[in-house]
Amino acid sequence: MTPLFRRKKSASSAKERLQLVLIHDRTDLSPSVLDALKDDLIATISRHVAIDPTEVDIRIAHEGRSQRLVADIPLQTSHRHR
Amino acid sequence: MTAKIITITSGKGGVGKTTAVANIAVSLAARGQKVVCIDGDIGLRNLDVVLGLENRIVYDLVDVIEGRCRLRQAMIRDKRLPELHLIPAAQTRDKSAVSPSDMIRLGDELREECDWVIIDSPAGIERGFRNAIAAADKVLVMTNPEVSAVRDADRVVGLLDADEKGPASLIINRLNITMVKRGDMLAVEDVLELLAIELIGIVPEDEGVIVASNRGTPLALDPKSRAGLAFQNIARRILGEEIPFLDLENHNLLQRIFTGRKTT
């Protein structure tokens, strides 16, 4: 009865959990593989250009039944020329 | 005659494939279509009891494939619906008694015999599933609005795509509107968004399904049954008719309009 402690509806939990499970079932990319991939990408890109590792976002986007790996990697502002 | 071959599969067991095959076959036959349904679940046959034809089995699918009888001898004709026929599964053999190429050959032979062949796939994604989809022109994937059934359906949809048997169409079975409204069951839109395939039917949860299987009289023969009506609508969509979805929600929508308040 207390709204403060009201739990999230079970159907939305089901949907959220399925969204994650299906991505991994379809692509064979587990969260730990994705993390390893992210670390490798950060290391490789950092050798060429300055980035903030904490700002890097790597995830799987899906459109219908096809999946895409999407990386958003903000570059750090360069102060060299000014 | 050149029949179209439709297979109903699901990955997970117990979602209602056999009930769907029986009711869609009955609905097509009631519309004058000549239908042959095949029980693909060798060793665990059930389509015969759901259709109420268990006492009339002489030959089965494996007898046809191994040449112990002619195709027509294994086709049991339903006395209520003369256009409906069943080829039962063998009960004392296993899936390895049949191969996908056997099924393709049988399918080609059946195409000349009827308008529709409806194959009841066993659960799982192994040999029995491979056999059941081998000859299919169209595959219908069945799921329940429940996590494990949706996950398994997604796996099957992926396998069908890889096998160039797609795009599959989806039947959502055992939808409980009260639970959906309470937020305790995935809604039709949720399942469609997750699986991203075309919808061909929504079947409400209905106690009548058990009563019908007790009697061996498929629901689609009962004009008052909501699940029976949903299966008839699927059959009509298979025949190319445009039938709007969600009679169950339309019903509530009308109620809302007439009473001017939210119904439960």
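Predicted model: local features only at pLDDT ≥ 70, side-chain atom pairs only at ≥ 80, totals over all residues.
**View 1. The open sheet of chain B has eight strands.** Let us start with the sheet. Its strands follow the order β3-β4-β2-β5-β1-β6-β7-β8, and their pairing is mixed. At the edges stand β3 (76-77) and β8 of chain B; each has a single partner strand, so one side of each lacks a neighbour in the sheet. Further in, β1 (residues 4-9) and β5 (residues 116-120) of chain B run parallel and are joined by five bridges. To find your place in this pair, look for B:I6, whose bridge partner in β5(B) is B:I118.

**View 2. Helices α7 and α11 of chain B lie against strands of chain B.** Helix α7(B) packs on the sheet, where it touches β1 and β6 of chain B. The direction of α7(B) makes about 165° with that of β6(B). Helix α11 (residues 226-238) of chain B, in turn, lies across β1, β7 and β8 of chain B. The angle between α11(B) and β8(B) is about 160°. While you are here, follow the chain into the loop between α7 and β7 (169-175) of chain B, which is where B:P167 is found. The peptide bond joining B:G166 and B:P167 is cis, with omega about -5°.

**View 3. Chain B meets chain A through 14 residues on each side.** On the chain B side, α7 (147-162) and α9 (188-195) each supply at least two of the touching residues. Helix α7(B) gives the most, with six residues. Sorted by class, the side of chain B that touches chain A has seven nonpolar, five charged and two polar residues. Which residues of α9(B) are buried? They are B:V191, B:L194 and B:L195. These residues lie on the same side of α9(B), because they cover an arc of only 85° around the axis. What do the buried residues of α9(B) pack against? Their neighbours are α1 (10-27) of chain A together with β6 (138-143), α7 and β7 of chain B.

**View 4. Two residues of chain B, B:R174 and B:A196, have a positive phi without being glycines.** The first stop is B:R174, in strand β7 of chain B. Its phi is about 65°. B:R174 counts as buried because 21 other C-beta atoms lie within 10 Å, where 20 or more are needed. The next stop is B:A196, which follows α9(B) and lies in the loop between α9 and β8 (198-204) of chain B. The phi of B:A196 is about 50°. Is B:A196 buried or partly exposed? With 16 other C-beta atoms within 10 Å, B:A196 is partly exposed.

**View 5. B:G40 sits in a loop and is buried.** The loop in question runs between β2 (35-39) and α2 (47-51) of chain B. Around B:G40 there are 28 other C-beta atoms within 10 Å, so this glycine is buried. Leaving aside residues up to four places away in sequence, B:G40 touches B:A89, B:I119, B:D120, B:S121, B:P122, B:G128, B:N131 and B:A132. B:P88 makes a handy landmark too: B:G40 and B:P88 are 48 residues apart in sequence, and their C-alpha atoms are 8.0 Å apart in space.

Conventions. Residues numbered from 1 in each chain as written. Chains lettered and ligands numbered in written order. Contact = placed C-beta atoms within 7 Å. Helix = DSSP H or I, 4+ residues; strand = E, 2+ residues; numbered from the N terminus. Nonpolar A, V, L, I, M, F, W, Y, C, P; charged D, E, K, R; others polar. Buried ≥ 20, exposed ≤ 12 C-beta atoms within 10 Å, placed from the backbone. Arc of directions from axis to C-beta. Pairing = 2+ DSSP bridges. Axes fitted to C-alpha atoms, helices over the stretch in contact; angles between N-to-C directions.
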